Amino acid sequence: MTSLPGHPRAERFDVVIIGTGAGGGTMLHALAGTGARILVLERGDFVPQEDANWDPVAVWKQLRYRATEEWLDRDSRPFLPYTHYGVGGNSKFWGSVLYRLRREDFGALQHADGVSPAWPIDYDTLEPYYDAAERLYHVHGLAGDDPTEAPRAPYPYPPVPHAPRMAAIVEELRALGLHPSALPLGLIRPGESGGCQLCNTCNSFPCRIHAKSDADVLCVRPALGQPNVTLWTGARADRLLASPSGSRVDAVEVERAGERRRVEAGLVIVSCGAVNSAALLLQSADGAHAQGLANSSGLVGRRYMAHLATMMQGFHPFQKNDTVFQKTVAVNDFYLTGPEGYPLGQIQSQGRTHGVMAQTVVPAVPLWAYDAWVARGVDWLAMSEDLPSEHNRVLVDAAGRIHLHYEPNNLRAHARLVQETKRILKRLGFWVVMTHSHKSRNTTHQCGTLVFGTDSRTSVLDSFCRAHDVDNLFVVDASFFPSSAAVNPALTIVAQALRVAEHIRATHLKH
Ligand SMILES: Cc1cc2nc3c(=O)[nH]c(=O)nc-3n(C[C@H](O)[C@H](O)[C@H](O)COP(=O)(O)OP(=O)(O)OC[C@H]3O[C@@H](n4cnc5c(N)ncnc54)[C@H](O)[C@@H]3O)c2cc1C
Ligand code: SF4
């Protein structure tokens with residue numbers, strides 16, 4: 001049945017969750033057992049299990065699983081955002097590095113180019129939810145290994161062992177006086193029969209055997225077994241329809257298979273990712289809320305952050321690198337203080353680069369040359385915090401297109417981290433260190449567009465991620481981050497989603 005424009009069909013649920021990624025998928029998992037009638041809206045589909053999952057040509061050249069829509073940068077130039085729409089969201093493609101923020105990240109921290117602001121909650125508040133998040137996402141790691149990590153309970157699973165070449169590098173790093181530690185990794189039964197095979201196509205690839213700890217496998221699919229849970233795939237939320245006073249969301253307007261539908265719910269939980277959630281609230285402007293929904297602070301869409309990230313490769317012409325699963329080592333010696341006294345960020349080993357991936361940077365170089373090159377390289381990522389700026393923001397134009405205005409900052413700290421990493425890799429004996437950065441178009445670690453806080457004039461969400469202005473609206477994706485810190489964001493998104501879910505169960509879903 002096709003409804004007429006202007007007369008969408010209406011359906012009613014207790015809760016609508018929009019988006020099934022790290023935030024939304026986790027929220028679904030946590031609320032599924034409440035018995036509340038839950039509708040989950042996901043604009044994409046399930047990622048098929050197929051050979052192409054692990055094919056670098058399909059993933060990196062054909063961009064088989066990437067979102068196809070274009071966003072516009074601050075010069076109105078279109079670009080393809082590095083993001084994915086589908087069940088599980090970007091968690092299907094993540095590198096499974098599931099870090100807690102450092103205790104210091106929750107307080108104000110002076111950086112080279114400004115202050116990283118304090119969070120409205122501290123580490124101790126989130127700690128029990130970090131514990132639960134690590135259990136839910138099968139995180140493997142070693143407590144006490146990393147001097148920057150707060151004292152903590154043991155990880156639920158032991159660390160993934162280093163491959164021989166990486167174990168040797170760890171010893172060499174220690175001999176340089178550094179403190180390498182095990183990367184915390186969310187993998188399902190690594191190395192065991194039927195579990196994760198520790199392959200070389202993990203980060204940026206979906207797992208063909210469903211052994212990656214992602215929101216689809218661990219949260220959404222199990223929840224679909226509950227009779228009170230309904231999932232609509234291919235269902236894009238286009239607008240939230242507010243009550244006349246703007247203090248409640250009455251309904252969600254959805255586009256599904258060319259049909260416009262209206263879904264009413266007592267509670268609306270948005271988790272479309274930091275860019276799309278801000279866009280959704282901006283698109284929900286109406287006569288009474290011309291600047292967008294929940295936007296009395298004027299901050300909806302502002303303070304976008306995404307990390308400063310440089311891919312690095314140490315190359316040695318006579319040392320073939322036989323490592324298959326390489327992503328096991330972190331160096332956090334410069335996380336809180338670099339040589340000049342300010343924080344620089346994190347160094348971590350990366351998954352193996354494939355020749356096809358490298359060729360996307362300079363296509364003119366033949367593939368055989370890249371293959372020969374990457375076979376002799378060890379891959380690293382240097383990652384620094386970018387700082388919230390009100391000029392870095394998401395906007396939506398009259399045609400509904402997303403504009404992402406982002407000027408990276410804190411560049412001095414990142415340049416210093418890259419310099420330190422190069423120096424270390426040279427001391428490890430690598431002849432050449434290659435670097436590459438996606439710069440301002442890297443949207444993989446997007447966050448911060450709907451900041452949480454205690455003051456409704458300086459934040460969009462309260463400390464339980466409920467919109468200050470809208471009683472029945474929560475947002476549980478990466479939007480709430482007041483600062484980006486310099487570790488990978490996902491475990492913090494998951495932990496906060498679990499905390500918010502507990503709050504919702506105790507307040508809005510109390511029977
Ligand atoms: C290649 C890659 C590697 C990464 N590696 C790591 C890592 O190792 N560790 C780490 O911590 N982080 C990593 N990340 C980042 C991590 O994946 C994200 O931080 C995390 O998934 C964000 O969770 P989220 O809930 O905010 O959004 P997402 O996971 O992006 O989920 C948003 C969901 O909302 C859906 N959606 C969007 N708009 C709408 C709409 N209007 N209506 C309905 N549905 C909608 C999307 O389809 C998607 O399912 C990586 C990301 C990528 C792309
Ligand atoms: S088998 Fe393991 S390493 Fe390979 S993609 Fe799956 S989760 Fe990642």
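I searched the whole structure for aromatic pairs and got 15. I counted rings of Phe, Tyr and Trp (its six-membered ring) as a pair if their centres lie within 6.5 Å; planes under 30 degrees apart are stacked, over 60 edge-to-face, and the rest tilted.

A note on the ground rules. The model is predicted, so I kept local features only at pLDDT of at least 70 and side-chain atom pairs only at pLDDT 80 or more, while totals for chains, interfaces and linings use all residues. Residues are numbered from 1 along each chain as its sequence is written, chains are lettered from A and ligands numbered from 1 in the order in which they are written, and side-chain values use heavy atoms, with hydrogens and water left out.

**Entry: one aromatic pair**

I looked up Trp119 and Phe452, which form an edge-to-face pair with 5.6 Å centre to centre and 90° between the planes. Trp119 lies in the loop between strand 6 (114-116) and helix 3 (123-136), and Phe452 in the loop between strand 20 (432-436) and strand 21 (473-475), so the pair ties together parts that are 333 residues apart in sequence. For the elements I used DSSP runs numbered from the N terminus: helices are H or I with at least four residues, strands are E with at least two.

Are Trp119 and Phe452 buried or exposed? Both are buried. The cut-offs I used are under 20% relative accessible area for buried, over 50% for exposed, and partly exposed in between (1.4 Å probe, protein chains only). Trp119 and Phe452 also belong to one aromatic cluster, together with Phe106, Tyr123, Tyr130, Phe480 and Phe481.

**Entry: charges over rings**

I noted Arg37 over the face of Phe13, at 4.6 Å from the ring centre. The charged end of Arg66 sits over the ring of Trp60, 5.7 Å from its centre. The test was NZ of Lys or CZ of Arg within 6 Å of the ring centre and within 35 degrees of the ring normal.

**Entry: ligand 1**

How many residues surround ligand 1? I found 38, the closest being Gly23, Glu42, Asn90, Val97 and Ala490. A residue counts as near if one of its heavy atoms lies within 4 Å. By class, the shell has 15 nonpolar, 19 polar and four charged residues. Here Ala, Val, Leu, Ile, Met, Phe, Trp, Tyr, Cys and Pro are nonpolar, Asp, Glu, Lys and Arg charged, and the others, Gly among them, polar.

I then listed polar atoms by distance to the ligand. An N or O atom in the side chain of Glu42 is 2.6 Å from an oxygen atom of ligand 1. For Gly86 it is a backbone N or O atom, 3.0 Å from an oxygen atom of the ligand. A polar backbone atom of Ser271 is 3.4 Å from an oxygen atom of ligand 1. The protein covers 96% of the 990 Å² of accessible area that ligand 1 has on its own; the method is Shrake-Rupley with a 1.4 Å probe, and for residues only the protein chains shown count as cover.

Which elements give two or more residues to the shell around ligand 1? They are helix 1 (22-31), strand 11 (235-242) and helix 10 (490-506). Strand 11 has the largest share, three residues.

**Entry: positive phi**

Ser76 is not a glycine, yet its phi is positive, about 60°. I placed Ser76 in the loop between strand 3 (71-72) and strand 4 (78-79). With 47% relative accessibility, Ser76 is partly exposed. Its C-alpha atom is separated by 8.9 Å from that of Leu404, 328 residues apart along the chain.

His210 also has a positive phi, near 55°. His210 is in the loop between strand 9 (185-186) and helix 5 (215-223), and is buried at a relative accessible area of 17%.

**Entry: residues in strands**

Arg260 lies in strand 13 (residues 259-270) and is partly exposed at 24% relative accessibility. The side chain of Arg260 makes a polar contact of 3.2 Å with the side chain of Glu253. A polar contact is a pair of N or O atoms within 3.5 Å; within protein, one must be able to donate a hydrogen and the other to accept it, and residues adjacent in sequence count only if both atoms are side-chain atoms.

His111 lies in strand 5 (residues 109-111) and is buried, at 5% relative accessible area.
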